[in-house]
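Me: I am new to this structure. Please show me how to read its features.

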Amino acid sequence: MKDNIVAIATPLGFSAIGVIRLSGPDVIDIVKKIFIPKKEKDLKKVPSHTIHYGNIVYKNEIIDEVLVAVYKAPKSYTGEDMVEIFTHGSPIILEEILKILVEEGARIAERGEFTKRAFLNGKIDLLQAESINEIIRAESKIALKRALSKLKGELSRKLRDLKSKVEYLRIYLEASIDFPEDVEEKEKEDWIRNIEEIKKEVFDLLEKAEKGDWIKEGYGVILVGRPNVGKSSLFNALMREDRAIVTPIPGTTRDYIEGELYLSSGHLVKIYDTAGLGIPKDILDKMGMERTEKILEKSNLILFVVDGSCEASEEEINLLEKIKSYQNKKLILVVNKIDLPQKVDLSVFPKDIEKIFVSAKERKGIEEIEKVIERHITSQDVEDGIFLNMYHREKLKEVYNLCEEGLNVLKNLPQSLDVLGDIIYDMDRAFGEILGEEVSLDITDKIFENFCVGK
């Protein structure tokens with residue numbers, strides 16, 4: 001990392017302010033060539049974390065009036081010398097200054113290269129580096145809160161504590177390997193207890209990562225039921241706009257429609273309007289129902305919609321029973337069209353199912369649905385969710401499986417101490433890889449390639 005990188009750090013487009021960011025050993029000298037401060041000063045000699053007013057001048061032409069911020073190593077974001085140039089937010093100005101800086105010796109930064117340098121220079125660990133991208137891409141207040149928590153190092157501290165427990169076991173075990181016959185039953189019980197604790201904590205982290213997906217991607221709520229019960233009207237009512245086509249013809253919706261709902265609590269909810277389930281009339285019906293079932297698999301809450309103005313059919317009752325069989329899904333019966341005379345006999349449905357009465361057409365009961373969705377989210381303790389990518393999850397699963405192997409080996413002590421030592425070493429290495437202490441450059445490249453240029 002001996003070269004100097006530069007990038008525009010603000011989105012391209014017209015705005016009040018634009019920012020150009022540089023990092024590397026010579027960036028202050030590069031900026032000095034084109035920055036003329038209003039008060040004479042040497043940027044190399046100014047204190048770190050100071051801002052200076054002046055002009056960018058190139059070939060005797062003033063390009064823009066700017067502010068220049070100087071951050072000196074090692075107390076900068078990347079751990080290197082850094083400069084940020086605050087310009088007027090014209091794309092023409094930004095591109096012109098960027099071009100000049102490249103001509104003066106900088107190169108265009110790759111995606112996420114500033115944060116990658118911060119990681120490689122030990123300013124942040126791999127989890128904290130990821131959190132910066134998660135902060136930028138947060139789609140809800142809760143997602144932002146969890147990403148900020150990760151940036152502060154709360155998840156990293158938890159994983160380091162687990163790694164410390166593994167290192168303690170490894171040191172303790174190495175002292176015992178030379179004298180396996182002296183291993184007492186109490187020591188064996190201590191090892192078992194410690195490994196079981198690590199296993200439980202890893203399992204809890206994997207569960208919280210599932211909740212993190214709900215926070216990041218949205219809590220999935222699907223509207224299902226037979227054709228023409230008013231699912232699309234209900235979807236439009238929840239969206240506060242006409243997104244789905246509504247007609248009296250059964251089967252109008254052949255594919256699912258997705259919408260986003262932001263609750264006052266800060267949660268993001270994904271609402272899915274789906275094709276009516278039942279006996280397909282043609283190939284399009286069949287394809288629509290197959291897609292509905294796929295959305296059912298990944299949803300968290302099912303709103304089973306029935307038409308209160310019609311009697312429940314046997315097909316509808318059987319359909320509800322089938323949907324009840326989905327594992328780990330919350331189910332609510334939504335009785336629609338309460339503005340019409342009611343004919344549905346609710347006693348044919350299971351008594352233990354929660355029921356909501358609405359009129360999608362007249363927008364009655366919509367706020368009640370939102371309150372129920374919010375209640376179901378909060379009951380899942382979603383707010384303690386964590387953000388983990390697939391690589392980190394696989395490493396945690398590896399640790400979990402190693403814990404199980406270790407517990408099985410402990411049953412055959414003292415003959416298996418060497419095998420147990422290998423298992424504990426692999427656990428220690430896996431935690432190091434999660435934190436970025438022993439991670440390959442290929443993995444880091446894949447993580448940072450999802451970042452914005454300039455971050």
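Reply: What follows takes a sheet and then a serine. This is a predicted model, where local features need pLDDT of at least 70, side-chain atom pairs count only at pLDDT 80 or more, and totals for chains, interfaces and linings use all residues. Residues are numbered from 1 along each chain as its sequence is written, and side-chain values use heavy atoms, with hydrogens and water left out.

Me: In what order do the six strands of the open sheet lie?

Reply: Strands of a sheet pair through backbone hydrogen bonds, either parallel or antiparallel. Here the order is S9-S10-S8-S11-S12-S13, with mixed pairing. Strands (E, at least two residues) and helices (H or I, at least four) are DSSP runs, numbered from the N terminus; two strands pair if DSSP finds at least two bridges between them.

Me: Which strands stand at the edges?

Reply: S9 (257-262) and S13 (354-357) do; each has a single partner strand, so one side of each lacks a neighbour in the sheet. S9 runs antiparallel to S10 (residues 268-273), joined by six bridges; Leu-261 has Val-269 in S10 as its bridge partner.

Me: Is Ser-140 buried or exposed?

Reply: Buried means under 20% relative accessible area, exposed over 50%, partly exposed in between (1.4 Å probe, protein chains only). Ser-140 is at 9% relative accessibility, so Ser-140 counts as buried. Ser-140 sits in the loop between helix H4 (126-136) and helix H5 (141-151).

Me: Which residues does Ser-140 touch?

Reply: Contact means heavy atoms within 4.5 Å. Leaving aside residues up to four places away in sequence, Ser-140 touches Ile-215, Gly-266, His-267 and Leu-268.
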